[in-house]
2 protein chains.
Amino acid sequence: MTDTLLNRRDLDFQLYEVLDTASLCDRERFTEHSRETFNAVIETADRIAREKFAPHNALADQDEPRFEDGKVTMRAEVKEAMDAYSEAGFIAGRYDYELGGMQLPETVMTACNGFFMAANPSTSGYPFLTTAAANVIRIFGSEQQQALYLQPMLEGRFTGTMALTEPQAGSSLADIRTTAVPAEQGHYLIKGAKIYISGGEHELSDNIVNLVLARVRGAPEGVKGISMFIVPKYRLNEQGEPGDRNGIELAGLIHKLGYRGTTSTALSLGSDRECHGYLVGEENQGLKYMFQMMNEARLGVGFGATAIGYRGYMHSLEYARDRRQGRHPSDKDPSSQPVPIIEHADVRRMLLAQKSYVEGAFALCMYGARLVDDHNTHPDEKRRHEARQLLDLLTPVIKAWPSEYGPKANDLAIQVYGGAGYTREYPVEQCWRDNRLNPIHEGTNGIQAMDLLGRKVWQGGGEAIQLLFGAIQQDLQNAETEQCKQWAYSLSETLQQAGQVTQVLGKALGEESPEKALANASVYLRLFGHIVIAWMWLRQANVAEARLTENPQGSEANFYQGKLQAAKYFFHWELPTVAQDLVILRNMDDSCFGMKDEWF
Amino acid sequence: MTDTLLNRRDLDFQLYEVLDTASLCDRERFTEHSRETFNAVIETADRIAREKFAPHNALADQDEPRFEDGKVTMRAEVKEAMDAYSEAGFIAGRYDYELGGMQLPETVMTACNGFFMAANPSTSGYPFLTTAAANVIRIFGSEQQQALYLQPMLEGRFTGTMALTEPQAGSSLADIRTTAVPAEQGHYLIKGAKIYISGGEHELSDNIVNLVLARVRGAPEGVKGISMFIVPKYRLNEQGEPGDRNGIELAGLIHKLGYRGTTSTALSLGSDRECHGYLVGEENQGLKYMFQMMNEARLGVGFGATAIGYRGYMHSLEYARDRRQGRHPSDKDPSSQPVPIIEHADVRRMLLAQKSYVEGAFALCMYGARLVDDHNTHPDEKRRHEARQLLDLLTPVIKAWPSEYGPKANDLAIQVYGGAGYTREYPVEQCWRDNRLNPIHEGTNGIQAMDLLGRKVWQGGGEAIQLLFGAIQQDLQNAETEQCKQWAYSLSETLQQAGQVTQVLGKALGEESPEKALANASVYLRLFGHIVIAWMWLRQANVAEARLTENPQGSEANFYQGKLQAAKYFFHWELPTVAQDLVILRNMDDSCFGMKDEWF
């Protein structure tokens with residue numbers, strides 16, 4: 001079992017060679033930062049993740065939270081880890097100095113969070129949800145709400161949740177039934193039931209700040225009638241400290257396949273005692289506020305899937321180097337020494353596929369984080385706008401592609417271990433179970449596909465997709481070596497065909513057969529994702545080729561050669577598979593659309 | 001949670017419409033059978049599987065076997081199920097009447113076992129391992145060994161195991177170190193360690209008959225020096241009843257990701273007390289005997305993977321029909337009633353993909369079982385020989401394709417359930433965990449790929465592959481409708497290209513670069529598997545089209561339409577994906593082969 005969470009060399013490559021993160025320090029918001037301060041905070045994250053998060057990852061999986069004596073109890077290490085995370089300032093890492101934050105770029109915070117997610121996705125869930133909820137209150141909450149809730153959340157004294165899903169509605173937010181009735185004192189009385197609420201009950205913090213979606217009596221039907229409320233576990237007293245128990249209560253713990261260390265709860269609101277909620281922003285605008293949090297969460301899911309995939313890759317790579325078994329096909333001497341299994345071509349295939357998936361996804365997530373930074377802090381307003389457009393377009397891809405291919409990487413990691421990988425004595429089966437959540441939560445990948453093909457691609461009259469094509473074009477032109485030019489050519493060809501298919505689908509969406517055009521949205525998402533990841537590999541290969549001309553030695557040369565070989569794998573083994581996706585999309589193949597319930 | 005284990009209509013289709021199993025009754029061995037007796041035994045299997053196996057499938061997963069007070073204890077339902085299985089005569093189902101058997105064809109026994117594996121793969125493991133071990137003793141054991149061990153095994157009083165794997169050797173049987181030293185009384189003294197031995201310790205039977213691979217002192221190195229021994233848990237006394245404890249003892253239980261109800265053990269032989277082993281057949285012939293059992297086991301693994309995949313499909317189909325959520329994209333009225341999720345195109349995609357995987361794999365496994373019958377009982381010797389050749393060729397495909405695509409089906413089943421599928425309150429996550437073993441055990445799929453490309457394809461100077469091409473050709477010619485002819489054309493084209501690629505690889509194997517040619521064996525296996533499954537779908541489609549001309553009504557017409565749509569899915573969405581495999585193989589792409597350890 002390796003101690004390595006993410007490959008630091010790869011992280012430096014992404015941060016400083018592919019993305020030029022150091023240049024962010026020229027921007028006003030980050031003037032007090034430097035590559036040294038970024039590295040110091042990254043080293044702190046790596047260390048805390050290894051010392052406080054990783055050691056109880058398997059333990060918390062085996063010994064999941066329990067409901068006992070009216071309380072949800074869990075292993076003590078979870079709180080110790082959370083405390084270490086917030087004491088090191090990570091919850092407020094992105095925020096202004098005046099809020100007690102570190103004013104770190106998103107790119108750097110994302111890198112830091114990668115270590116925590118790789119070390120222990122379940123325990124990471126508590127602070128990450130808190131950050132996401134705090135951010136909604138920071139942006140949309142009233143001054144009073146910020147005074148009461150934001151500061152304790154940033155300090156880790158209060159934790160946060162997103163309480164959206166209801167048993168009868170699932171992903172369909174239009175069908176939310178929880179009600180809110182205004183009371184004279186300014187609060188609302190909330191009544192309803194929520195399900196799959198991560199972190200909805202525990203004793204890790206002094207208070208839990210639930211952001212609850214509900215419908216004010218008389219509101220319009222559907223998503224236009226959804227409002228958002230702060231619903232704390234304990235109402236605050238006049239000193240702003242947790243006082244009376246509020247009527248949001250545990251109806252049951254949900255037992256999951258993985259991510260077992262994160263409590264998943266069914267909550268009942270206003271059933272036994274009054275449940276007070278405090279409106280965020282305006283009535284009926286809840287969906288908008290929710291999407292602030294949801295979009296962040298979607299990027300987080302993609303990165304979590306990448307980190308778990310990455311961790312499994314690190315484990316299986318170490319195992320393949322240590323474990324000796326079998327011989328080369330040409331070695332017929334049974335008395336010769338067995339070779340490390342990394343020598344077997346099929347094991348190398350499984351490792352290289354993992355590398356191409358997780359490092360490709362990692363590059364994409366870091367690129368996405370940089371778009372957040374550019375949207376927030378680029379000095380040129382046009383570039384800020386463009387970054388936002390690109391980020392919106394890529395959000396479903398950043399959520400879905402890593403959450404498909406991260407689990408695939410973990411599947412391969414198990415197979416590298418063989419029988420050992422199927423046992424609970426080795427860590428990769430947990431990676432695989434944990435990662436299986438990621439294609440489901442924060443909008444299933446099917447929903448991401450509808451978001452991409454039904455909405456994002458056409459947003460702003462296709463402005464975003466033009467920006468994306470432009471950005472890719474730039475990197476196609478940067479290809480200088482024969483090899484990179486060949487890959488650039490493949491990508492360019494695929495891109496052109498994808499553009500044509502997009503036009504075909506756009507026409508169908510606008511005209512005769514919108515449902516038929518949307519029916520293969522998942523295929524479109526896969527196509528789009530593979531193109532974007534191929535682009536990420538071309539960017540990495542361009543840098544690697546340039547570095548290799550400087551004639552580096554030893555491990556440096558090996559690192560760049562590895563990048564090129566993984567790029568080769570992606571361009572030879574993965575990108576061409578979209579040929580079939582293109583055919584299905586172009587023909588609007590109706591094999592699935594035409595299937596009838598009664599034929600199953 | 002559905003009560004349906006396998007679709008009976010589909011089973012009848014495979015047995016009586018695709019395979020004409022009733023015609024087996026014309027063969028001498030089966031003259032006392034008829035479609036009625038076949039159906040009676042199938043109904044018994046279905047009933048016992050539902051009543052005795054399915055109810056404790058989840059319970060035994062949650063409450064796995066424990067080592068307590070020197071014994072391995074487990075839930076009482078496991079023994080009740082095993083007893084019901086053997087009392088109904090299934091352990092001896094294939095065997096001669098004089099051995100107390102039912103002389104059932106393999107095709108029918110396979111069908112029966114499908115219900116047990118779908119109901120409870122873990123509990124099924126005990127009787128299935130017993131049947132496999134009994135068969136080795138029946139074929140290769142001495143008369144005395146048969147008298148002592150075979151009968152009690154067929155009655156379920158003794159159970160069996162395959163004890164091959166050792167900690168240091170894993171899949172590499174050449175590196176087995178367990179030793180056997182002849183003693184004067186005719187037995188051998190065995191010393192060594194075995195790992196991952198399913199059913200190696202428990203209290204389900206009066207005795208456990210382990211078939212152990214070991215090396216007689218002075219034997220040649222490698223696989224040529226392996227012998228097989230019967231090593232019972234209790235030595236038999238003069239009455240043939242279990243007497244003294246033999247020195248094969250539990251070193252530890254292995255805790256697995258799935259298949260938790262089956263004990264997986266580390267065994268220590270001859271460490272504390274003498275371990276007596278009784279040679280099966282001749283010294284140094286163990287590998288041959290082992291392959292008798294192993295080949296059966298590989299077919300069993302493929303069918304198990306199919307059955308678990310099938311069960312998950314049945315669950316998710318029921319759920320998709322029951323669960324209402326969301327609306328059609330064109331329905332903008334949020335007050336309209338949500339639709340069953342099977343109405344969503346993407347859910348239909350996930351169900352249809354499952355159907356195409358599990359019914360395709362099911363057809364292949366039944367075809368394989370029929371080859372066993374033809375090899376054993378076909379009146380024409382040439383046909384017996386041919387059946388054996390085909391079966392040998394297809395064994396790695398029957399093992400590997402379902403064990404790749406069964407788990408994929410289970411993955412889709414989870415996704416159909418959404419958040420619910422990720423919880424342990426619903427049955428599909430267990431299917432997925434259980435099924436993950438199948439690409440690993442009885443030879444990993446990587447080993448199957450080497451077996452296929454490195455050995456089976458060239459066996460008998462390519463006789464088997466010619467037979468396969470001939471068999472496929474027959475079904476290509478049987479295509480009568482426009483649609484089937486189109487699919488036949490696609491298949492025929494792919495087959496031709498695969499033939500060319502096979503020649504290219506054959507040349508490389510014989511000449512300059514055998515290791516490079518073998519490096520992409522897994523891709524070859526995937527190509528081969530997809531072609532075989534496409535063939536299975538063409539066979540089914542040919543029958544369905546023929547039946548539809550008879551103008552069936554209602555559910556019968558729907559059943560055949562469903563077959564055609566699933567065939568369409570396979571021919572439009574799956575078969576074309578091999579284009580990329582063909583390119584990789586033809587070019588002997590070295591992306592993986594060329595990757596170096598130090599570049600990772």
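Predicted model: local features only at pLDDT ≥ 70, side-chain atom pairs only at ≥ 80, totals over all residues.
**View 1. Two loop residues of chain A with positive phi.** A:Asn551 is placed in the loop that joins helix H16 (521–548) to helix H17 (554–574) of chain A, and its phi is positive, at about 60 degrees, although the residue is not a glycine. Because 8 other C-beta atoms lie within 10 Å, A:Asn551 is exposed. A:Asp20 belongs to the loop between helix H1 (8–18) and helix H2 (35–53) of chain A, where its phi, near 55 degrees, is again a positive value in a residue other than glycine. With 10 C-beta neighbours inside 10 Å, A:Asp20 counts as exposed.

**View 2. The relation between chain A and chain B.** Chain B is superposed on chain A, with an RMSD of 0.0 Å, by a rotation of 180 degrees with 0.0 Å of shift along its axis, which means that the relation is that of a two-fold axis. The same surface serves both copies, in that 100% of the contact residues of chain B recur in chain A. Of the residues of chain B, B:Thr577 comes closest to the rotation axis, with its C-alpha at 3.3 Å.

**View 3. The side of chain B that touches chain A.** The contact draws 76 residues from chain B and 76 residues from chain A. Several helices of chain B each supply at least two residues of this side, among them helix H8 (286–322), helix H10 (381–417) and helix H18 (578–586), while the largest share, eight residues, comes from H17(B). Sorted by class, the side of chain B that touches chain A has 33 nonpolar, 27 polar and 16 charged residues.

**View 4. The packing of H9(B) against H16(B).** The axes of H9(B) and H16(B) are 9 Å apart and the two helices pack at an angle of about 90 degrees, so H9(B) is roughly perpendicular to H16(B). From H9(B) the contact is made by B:Gly360, B:Ala363, B:Leu364 and B:Tyr367, and from H16(B) by B:Val532, B:Ile533, B:Met536, B:Trp537, B:Arg539 and B:Gln540. By class, this contact has seven nonpolar, two polar and one charged residues.

**View 5. A:Phe229 in the largest nonpolar core.** The largest nonpolar core has 402 residues, and those with the most contacts inside it are A:Ala133, A:Phe229, B:Ala133 and B:Phe229. When neighbours within four places in sequence are left aside, the contacts of A:Phe229 include A:Ala180, A:Tyr188, A:Ile190, A:Val212 and A:Leu279.

View 6. A:Ala479 is found in the loop between helix H13 (459–478) and helix H14 (482–510) of chain A, and it is buried, with 21 other C-beta atoms within 10 Å. Neighbours within four places in sequence aside, A:Ala479 is in contact with residues including A:Trp487, A:Leu538 and A:Asn542. A:Ala479 and A:Glu545 are 66 residues apart in sequence, and their C-alpha atoms are 9.0 Å apart in space. B:Ala58, in turn, lies in helix H3 (residues 57–62) of chain B and, with 17 C-beta neighbours inside 10 Å, counts as partly exposed. Not counting residues up to four places away in sequence, B:Ala58 touches B:Pro427 and B:Gln430.

How values were computed
Residues numbered from 1 in each chain as written. Chains lettered and ligands numbered in written order. Least-squares fit on C-alpha atoms with pLDDT ≥ 70 in both. Contact = placed C-beta atoms within 7 Å. Helix = DSSP H or I, 4+ residues; strand = E, 2+ residues; numbered from the N terminus. Nonpolar A, V, L, I, M, F, W, Y, C, P; charged D, E, K, R; others polar. Axes fitted to C-alpha atoms, helices over the stretch in contact; angles between N-to-C directions. Parallel < 35°, antiparallel > 145°, perpendicular 65-115°, else oblique. Core = buried A, V, L, I, M, F, W, Y, C linked by C-beta atoms within 7 Å. Buried ≥ 20, exposed ≤ 12 C-beta atoms within 10 Å, placed from the backbone.
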